[in-house]
Structures are given as structure tokens and as C-alpha cells.
Amino acid sequence: MSKFVALLALASTALAQSWVPQTSGTNASFRGIHAVDAKTVWVSGTAGTYVTTTDGGTTWHAAQVPGAEKLDFRACWAFDANTAYLLSIGTGEQSRIYQTTDAGAHWKLLFTNPDAKGFFDGIAFWDHTHGIVVGDVVDGRTTIFTTDDGGATWKRQTSPEAIGNEGAFAASNSNFSLLGEHEVWLGTTAARVLHSSDNGRTWTFAPTPIRHDGPGAGIFSVKFVDAQHGIAVGGDYSKPTESRENIAVTTDGGKTWTAPSTPGPAGFRSAITRLGSTRTWVVTGPSGSDSSTDDGATWKQFDSTGYNALEFVSATSGWAVGPRGRIAAFKP
């Protein structure tokens, strides 16, 4: 009986999960989000827009980077309430990196894509000085830039030869997962996961069972919780309700990937994360959000609202962002 009661409690918890809307103060479309802690969160989006909160989302402050009103900030990374980086996407010089060190009072253009046909996809940092930017294929290889000085300068690294036009989707800025001081795993449009254990200088790769049967299909988000265990999600963004071949799991550091034997999330999913140190994972996408309480073995949809990206700082504190200024806090 006690086991039965425990199962009922677990089911009740899963059903109680939801997103609680918050007011962003803008109609910009959001795809970038980075939470510093349970109070401080940065979000970025279209029309050069970013929004911030320092009270957990009770109030949000919306603003635009001067001179960047035509740019789409698909990715952001923050270290505190004052220091943050915004990455814009687009061909050539439309792909840029801006930095603020005074909570957005001033912005500095740090780096502009040097490749006329290049296209930035995401940005992340291991620490205050070491960071990485990934982009689409240039000269037959996925673009990788790294910094050792907090973004003041960026150095091009060599990645494995691309399969066709293989790159990374500029989706939720979670198409790669950083761990420790050196590790990074990157999901690609060819449904491969590239891995580097030396800050992006050298790479290996492995295929996954995630679909890559069209220009809108592939891996959109990867999350590792330790050096061995990770989950990748994706699908085809042009077919948001199709749930086939949209998830892969690894238990050997990304050397091999397998699909769960049971149905995965209920549609294309663009972002994934684990809730603290629990076995619970949450994914989201344009057709809804799902959760798993058994490290990705089984999934249950708990919300049908469309979101593009999510970020958690604990098992009970997280946010999702999406189109038309949509921001919501997680309710466990």
C-alpha cells in the first residue's frame, strides 16, 4: 500500500506542474534566457530587446541595446545583475556580441562575425574569462570561436568536418552544454553531438537517433549533468506536433546515444534542462512542455502553451520564454 501511495503522490506532483505567466513589458519574441540565481534573470529577443529581473520575475525591466534595434538577440549569458552578454544572429555582420558591465546602462560591441557567410548560433562561458561561440558551417566546418579574456578577443578553433551544411540551430542557446572547466557538448543539425574536453580546441563526434530528415530537423538542445549522463532533444521545428525521433540519451559521456523505448516528449522540443539534482527533467517547445521523473525514460506533457527556451536554477525555480514577450515561472 505504501508503494501505491507513493506512486499516487508522484503522479499528483507531475500533474501539478505548470507555467505561471509573468509580465515582460514588451511584445518582442524571446529565445535567449540565462538565470543567475532565483532572483536575477536575463532574457533576450527580437528588435534588439532584452529584459531583466532582480526579484524573481515579480517585475521585469524591458529595454533595447542602442543601435541594435534591428538585431535579433537569440542568446544571452549573464554572471550577475550587472554583467551580461547578448549574441545576435544573422548573416555576416548581423551576428554580433555585446557586453554590459553596468546592468545595461551602457553596451559595448565586443565581436562581429568576420565571415561574410557566417551565422552565429549561441554563446556560453565556463567562467568569467573562458567562453565559446558556435555558428553555422564556414568552409566545410562548424564555426567555433573561443575566448580566454572574457570576450575581449576571440580565436577561431577547428571543428570536425561538417556533413553538408551541418551547423547548430540558433534556437534556445542550449544547443550546447558546458561542464566543469573544460567540457562542452554541441548538438548539430545533422543530429550529431560534438564533444570537446579542452575548451573547444579539439573535438570528437557521435551520431544520435534524433531525426535530421529535413532543413528544420536535428538536435536543438543538449544538457549534461555530469561527465557521463546527458540528454539531447529536437525534432523538426516545421512540424511542431510530430513526436517521433525527438530525444536521445547517453550514459557514457556522449560516445553513444540511444532513444528511450517508450514515447518521448509530445512534439518538437527546442530546450531541455534537469531540475536541480533530482531525476526530473523538463523540455519545452512551440506545442507545449513535458516532464520526466525518471531521467528521460518516460515523459508526460503538463502544458500546451508554446515556449522557445527555458532555464532553471533549482528544482523549484525556473522560467520559460517564448513569442510575443511571453515569460512564465515554473510552478512545481
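Reader: In which loop is Thr-208 found?
Author: In this predicted model, the places to look are two strands, S17 covering 204-207 and S18 covering 217-224. Thr-208 is found in the loop that lies between strand S17 and strand S18.

Reader: Does Thr-208 count as buried or exposed?
Author: A residue is called buried when its relative accessible area is under 20%. The relative accessibility of Thr-208 is 10%, and therefore Thr-208 counts as buried.

Reader: Which backbone oxygen lies 2.7 Å from a polar atom of the side chain of Thr-208?
Author: Leaving aside neighbours within four places in sequence, Thr-208 is in contact with Ala-191, Val-193, Ile-219, Ala-248 and Trp-257. A polar atom of the Thr-208 side chain lies 2.7 Å from a backbone oxygen, and that oxygen belongs to Ala-191.

Reader: How far apart do the centres of the positive and negative side chains lie?
Author: The accessible surface of the chain comes to about 13,600 Å², with 53% of it belonging to carbon and sulfur atoms. As for charge, the chain carries 25 positive and 30 negative side chains, and the distance between the centres of these two sets is 5 Å.

Methods. Residues numbered from 1 in each chain as written. Predicted model: local features only at pLDDT ≥ 70, side-chain atom pairs only at ≥ 80, totals over all residues. Heavy atoms only, no water. Helix = DSSP H or I, 4+ residues; strand = E, 2+ residues; numbered from the N terminus. Buried < 20%, exposed > 50% of the residue type's maximum accessible area, 1.4 Å probe, protein only. Polar contact = N/O pair within 3.5 Å; in protein donor to acceptor, adjacent residues only side chain to side chain. Contact = heavy atoms within 4.5 Å. Areas by Shrake-Rupley, 256 points an atom, 1.4 Å probe, with all protein chains shown as cover. Lys, Arg positive; Asp, Glu negative; His and termini not counted. Charge placed at Lys NZ, Arg CZ, Asp CG, Glu CD.
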